[in-house]
Amino acid sequence: MISMTILGLLGCGFSSKELPGSLSELRVEVDLDQSTERREGIDAPFDFRQVSAVIRNAKGTLIENEAIGIRVNGLPLRFRVSTGNYGEHHPWYSLDDEGLASIESEPDLRFTLLWSDGTEHEIGVIRAPGTITLDHFTLPERLQPGEETTISWRDLPAEGELLLYRNTSYRDEFGNWVLMPGSGNDPEALRKKIGPGFLRGRSGSLRISRAFLADRGNQKTCGVGVEIAITTRGAVSSAFHRASYLTAKRKVSLATEIEGTPNARGD
């Protein structure tokens, strides 16, 4: 199954096997994602790492042609094609587990494209984001009802964005609790720049108020979710379409639950 991250990356249009006449008509989109997630009621964190890419023509249509290849630090990304619910093809490239392990300690990642005539062209170089782990953050896993709390961070290597949202639940028509996970789409979600930057240090904290944690009508607040992401962007060679990009993101997610409220485990 393709992750939601990949589905969002690929879009939903039909692909084309036709190659553009020049590199300037190629839109190369490269994403590096690494995340660590603290989940409710589970001791071991969930770790995810991926290097993926797609190639589009100037109109944005995905190109499905094995004559084009992509490499990172000399390692080839595997060409894959997934099929959607309506028969559409989603061609994409990804680095296998062995390749991921081999570049784990390399700070600079150089991407190149192999054109149909066998020539190799530099896409660009991107520096991996500074490493952040669960140990950089302090936030209780279980919160007390009616009490505010605080998330704090220390010694962050670079500027990041903190996203804070509420998880809620409500009773359906049968009296069962239905969990509604929050997200950054919630208009009440909070965003804050943290880490080293203008008038900011590497360490700091954010108070999560009682008002933010309070219930909303029949929706009971059962916890908060926190995501912290550090993102870097690399410059893409001018030989490719101007919409091309190189992006690397390092993310940490922290889940919490409020004592005595329904949660994802059905307690």
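**Salt bridges, cores and strands**

Reply: Buried means under 20% relative accessible area, exposed means over 50%, and partly exposed lies in between (1.4 Å probe, protein chains only). This is a predicted model, in which local features need pLDDT of at least 70 and side-chain atom pairs count only at pLDDT 80 or more, while totals for chains, interfaces and linings use all residues. Residues are numbered from 1 along each chain as its sequence is written, and side-chain values use heavy atoms, with hydrogens and water left out.

Me: With which residue does the side chain of Glu120 meet in a salt bridge?

Reply: A salt bridge is a side-chain nitrogen of Lys or Arg within 4 Å of a carboxyl oxygen of Asp or Glu. Here the partner of Glu120 is Arg71, at 3.6 Å from N to O. Glu120 lies in strand β8 and Arg71 in strand β3, so the pair ties together parts that are 49 residues apart in sequence. Strands (E, at least two residues) are DSSP runs, numbered from the N terminus. Arg71 is also partly exposed, with a relative accessible area of 29%.

Me: How many salt bridges does the structure hold?

Reply: The structure holds 15 salt bridges. One of them joins the side chains of Glu29 and Arg56, at 3.1 Å from N to O. Glu29 belongs to strand β1 and Arg56 to strand β2, 27 residues apart. Both Glu29 and Arg56 are buried. Together with Arg27, they are linked in a network of salt bridges.

Me: Are Glu188 and Arg166, which meet in a salt bridge, buried or partly exposed?

Reply: Their side chains meet at 3.9 Å, N to O. Glu188 is in the loop between β13 and β14, whereas Arg166 is in strand β12, 22 residues apart. Glu188 counts as partly exposed at 33% relative accessibility, but Arg166 is buried, with a relative accessible area of 4%.

Me: How many residues has the largest nonpolar core?

Reply: A nonpolar core is a set of buried Ala, Val, Leu, Ile, Met, Phe, Trp, Tyr and Cys residues joined through side-chain atoms within 4.5 Å. The largest one here has 26 residues, and those with the most contacts inside it are Leu26, Ile70, Phe111 and Leu113. Strands β1, β2, β3, β7, β8 and β17 each supply at least two residues of this core. Apart from it lies another core, of 21 residues, among them Ile132, Ile194, Val226 and Ile230.

Me: Which residues is Leu26 in contact with, leaving aside its neighbours within four places in sequence?

Reply: Contact means heavy atoms within 4.5 Å. The residues in contact with Leu26 include Pro20, Ile55, Ile63, Leu113 and Phe240.

Me: How many bridges join strand β12 to β16?

Reply: Two strands pair if DSSP finds at least two bridges between them. Strands β12 and β16 run antiparallel and are joined by 9 bridges; the bridge partner of Leu164 in β16 is Val226. Strand β16 also pairs with β17 in the antiparallel sense, over 10 bridges, where Gly234 has Leu246 as its partner in β17. Strand β8 is joined to β16 by 2 bridges, again antiparallel, and Gly124 stands opposite Val236 in β16.

Terms used:
Helix = DSSP H or I, 4+ residues; strand = E, 2+ residues; numbered from the N terminus.
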